[in-house]
Amino acid sequence: MKLRTRIIAISCIMLLTASMAVNIVTLTLMWKSIKNEAFIKAYQNTYMKMQEVKQRLIQVGELVDREFLEYYFKSYNDEYFICMYIMNENSDDGNEEIYEIYNHTIFGNDYLENLKYTRYEEMEYTYVQYEGRNYIVFAKGIEGFSGLTLYRFEDITYAKNNVEKFAFSSVLITLLVVAVTIFVLFCILKHEFEPLQELNSVTKSITDNMYDRRVVIRKKDEIGQIGENFNKMAEAVEARTKRLEESERRKTLFMGNLTHELKTPMTAISGYAQTLLSVKLDEEDKEDALEYIYKECTRLERLSQKMMKLLLLEQDGDLEFKEVSAKTLFEAAAKSCSTILKEKDINLEYEENGEIFLMDIDLMTDVIINFIDNGVKASNKGGRIILRSYGNCIEVQDFGRGIPKEEQEKIMEPFYMVDKSRSRKSGGAGLGLALAALIAKRHNILLKIDSEPGQGTRMILQFV
C-alpha cells in the first residue's frame, strides 16, 4: 500500500472513530434529555387529567358506583385511560371482585399489577413497549374512593423517533465529512507528494547511471530539505564517480605509459646483454655496452623511486609540517643540483627576505629540485636560474625554451613530456612535474605556470 493511501486510510479511521465517539456521547445525552422532557410532559398531562377525574368524582360523592364510573369514562372518551374497580376488597371472607370499568387496551389487570413501578410525586410510573411503540404507564389510586385505581398510557414514541432521526442525520453528516476529507486529503497529498515522486524518479535515474539528474526544489519545507540534501548527495556521488573514472583513466594511462617507458630501456639492456653473451667484443666495445647497461639501469632505478613516491603520496598519509625558511630550502635544493648545474654551467641565484613557510622539507626540496632540473634541461649552456621567495609564494624562474600554452595543463600528467626525444635523451620520464603537483596538492599549495615560448618559465608555488 502506498504511503499516500495509508495516510488517507489512517486519517479516515481516526476521523470515523472520533465522530462515532462524539455521536454516541451526543446521542446518549440527547436521549436522556428528550426522554426526561417527554416524561415531564407526559406526567403533567396525566396529572391534569387525573385531577380532573378526581374533582368530578368528588362532586358526585356518594353517588359514585360502578354504573356511574362506566358512564363517566365512556363519556370522557379517553382511550389511554384504564379504570379498575375492586369490589369487597375489605370483606371478611377476602373475596374480591375486580371490574374493568374502562379499558380499550389489551393490557389486563394482572399484567398492570405485575409491572415494576417507580414512585414520582403523587403517582407511580413504568415504561412498556407494544408493537414498536414506547409508552409510559402512570398508576394512581383516588383518595376517598377505596378500590378505585386509574391507569393512563402516554405515548412517547416521538422521543425515540426524534433521536433516531438525529442519529440518521449524524451518520449522513459523518459520512459526508469523511468523503470530503478523503477528497481534500487526496488532493493535498497528491500535491505534497509530487516532490517525493520526483525524488523517486530521479533516484531510479541515478541508479541507471544518469548522475546529472537533480530534484527541483519547490518549497523550503521538510520535503524540500530532503530534496536539497539529495541533490548534495547526488552531486557528491557524481563528483566521486567522475573522480573514480578519471582515476581509472589516469591509472590506465599511467600503466600504459609505464609499460612503454620500461620497454625501451629493458629492450636495450636485453639486447646489449645478449650481445655480450653471444658476441666476442673487444674491450672498448665491451665497456661501452656495460656503460650503457649501467646508465639504463640507473634510469630505471630513478623511475622506480619516483613511482614509489607517487604511490605513497596517493595514499593520503599524514605529513609532518615544520616551519622552514626559504633560504634553507634553496640551499638544500642547490646542493642536490650542483652537479647538473656545473655540467651546463648554469648560474643559480637566490632572492629571499627571510620568509618562512610551513612544509615537509624533504618533499618540498624534491619539488624545487624537479623545477631546477627542468630549468637546466630547457636552458642553454651558461644560462641562469633564479630561486625567489616573496609574501606567501616561492618561484623558480628559468630563461630557456619556455612551454607552449596548449602544453601547460598537460605537463602535470605522469609520463607527459613536451619534447619527448630531448627528454628521453636527457634521461627524463615525465614523472617529475606530476610528483611536484601531487606534493603541492598535499601541502594545499596552488601551483601556477607562467611561461612563454622563447622567454623562459616561472613555476610559482602559492601557499594558502
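**Exercise 1.** In what order do the 6 strands of the open sheet stand, and is their pairing parallel or antiparallel?

*Solution.* Before starting, note that this is a predicted model, in which local features need pLDDT of at least 70 and side-chain atom pairs count only at pLDDT 80 or more, whereas totals for chains, interfaces and linings use all residues. Residues are numbered from 1 along each chain as its sequence is written, and side-chain values use heavy atoms, with hydrogens and water left out.

Step one is to list the strands, which, like the helices, are DSSP runs numbered from the N terminus (helices H or I, at least four residues; strands E, at least two). Reading across the open sheet gives E2-E1-E6-E5-E4-E3, with antiparallel pairing, where two strands pair if DSSP finds at least two bridges between them. Strand E2 (97-103) and strand E3 (118-120) each have a single partner strand and stand at the edges, so one side of each is left without a neighbour in the sheet. From one strand to the next, the twist averages 30°.

**Exercise 2.** Describe how helix H1 is placed against H2 and H4.

*Solution.* Take H2 first: helix H1 (residues 3-60) packs against H2 at an angle of about 140°, their axes being 12 Å apart. Axes here are lines fitted to C-alpha atoms, for helices over the stretch in contact, and angles run from 0 to 180 degrees between N-to-C directions. Angles under 35 degrees count as roughly parallel, over 145 as roughly antiparallel, 65 to 115 as roughly perpendicular and the rest as oblique; H1 and H2 are therefore oblique to each other.

Turn next to helix H4 (residues 157-192), whose axis comes within 9 Å of that of H1 and crosses it at roughly 160°, which makes H1 roughly antiparallel to H4.

Finally, relate H2 to the sheet: helix H2 (residues 66-76) lies across strand E1 (81-87), E2 and strand E6 (148-155), and runs at about 20° to E2.

**Exercise 3.** Which residues touch the most other members of the largest nonpolar core, and which element gives the most to this core?

*Solution.* A nonpolar core is a set of buried Ala, Val, Leu, Ile, Met, Phe, Trp, Tyr and Cys residues joined through side-chain atoms within 4.5 Å, buried meaning under 20% relative accessible area, exposed over 50% and partly exposed in between (1.4 Å probe, protein chains only). The largest core has 34 residues, of which Met359, Met364, Ile368, Phe371, Ile372, Ile394 and Leu461 touch the most other members. H10 gives the most, with 7 residues. A second, separate core of 31 residues includes Leu69, Tyr76, Tyr85 and Ile142.

**Exercise 4.** Determine how E10 is enclosed and paired.

*Solution.* Count burial first: 5 of the 7 residues of E10 are buried, so this strand is largely enclosed by the rest of the structure. Then follow the pairing, in which strand E8 (residues 347-351) runs parallel to E10 with 5 bridges, Leu348 having Ile385 as its bridge partner, while E11 runs antiparallel to E10 with 6 bridges. E10 and E11 form a hairpin with 2 residues between them, and Gly391 in the turn has a positive phi of about 55°.

Methods:
Contact means heavy atoms within 4.5 Å.
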